[in-house]
Amino acid sequence: MARYYDVHPDNPQPRAIGQVVDLVRGGGLIAYPTDSCYALGCRLGNQDGLDRIRQIRQLDERHHFTLVCRDFAQLGQFVKVSNSVFRLVKASTPGSYTFILPATREVPRRMLHPRKRTVGVRVPDHAVTQALLAELGEPLVSSTLILPGDDEPMTQGWEIKERLDHLVDAVLDAGECGKEPTTVIDLSEDEPEILRHGAGDTSRFE
């Protein structure tokens with residue numbers, strides 16, 4: 001059964017955050033809130049965690065996993081950013097954007113797009129996510145919590161606990177956090193390509 005943590009959306013309890021991070025460090029898979037919607041997350045390099053996310057969401061090998069980073073500096077360790085892309089990404093973080101960029105050698109091969117060698121990265125604007133990332137000291141490998149057959153992401157922590165009780169190790173419930181996923185923008189080529197219109201404004205990329 002998944003552990004259930006009811007945390008304050010603006011001032012999450014440090015003890016709960018610490019317990020969840022201990023689970024992540026121990027190889028656990030969590031469901032947690034972000035500034036766009038709930039997500040599944042595990043530690044970088046946790047192959048079992050990646051497999052569990054693929055199984056829960058029924059994803060194929062072409063799916064772009066996302067590295068959820070604490071800040072722009074951390075993001076820069078895992079992707080290659082040109083000067084022009086630097087300005088675009090810097091102006092859009094933190095926020096509800098996922099950027100597809102060429103990965104550095106810090107990213108495990110299993111996380112990369114098999115042909116492009118790219119990975120998704122984002123810096124969320126949510127107090128609970130930021131508290132998790134600060135305590136963990138490294139990115140979370142994540143995927144939006146949309147279950148097979150559903151048209152929209154899950155938005156209620158208690159419902160996530162009910163439906164995924166035996167599939168995840170912990171659920172952080174910080175209340176409603178919206179149901180619109182991030183805007184996904186591919187910046188790996190010369191021109192930005194909007195792959196998914198979501199919560200983030202796309203005007204600066206068009």
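**Close-ups of a predicted fold**

**View 1. Contacts across the chain.** In the protein chain, 67% of the contacts (heavy atoms within 4.5 Å) between residues at least 6 apart in sequence join residues at least 24 apart. This is a predicted model, where local features need pLDDT of at least 70, side-chain atom pairs count only at pLDDT 80 or more, and totals for chains, interfaces and linings use all residues. Residues are numbered from 1 along each chain as its sequence is written, and side-chain values use heavy atoms, leaving out hydrogens and water.

**View 2. The overall fold.** Six helices and ten strands make up the secondary structure of the protein chain; these are DSSP runs (helices H or I, at least four residues; strands E, at least two) numbered from the N terminus. The C-alpha trace spans about 45 × 35 × 30 Å along its principal axes. Of the 206 residues, 54% count as buried, meaning under 20% relative accessible area with a 1.4 Å probe, protein chains only.

**View 3. The largest nonpolar core.** A nonpolar core is a set of buried Ala, Val, Leu, Ile, Met, Phe, Trp, Tyr and Cys residues joined through side-chain atoms within 4.5 Å. The largest one has 41 residues, and Leu-40, Leu-67, Phe-99, Val-119 and Leu-145 touch the most other members. Among the elements giving two or more residues to this core are strand S3 (38–43), helix H2 (47–57) and strand S5 (97–102).

**View 4. Around Leu-67.** Leaving aside residues up to four places away in sequence, Leu-67 touches residues including Leu-44, Phe-78, Met-111, Val-119 and Pro-139.

Methods
Buried < 20%, exposed > 50% of the residue type's maximum accessible area, 1.4 Å probe, protein only.
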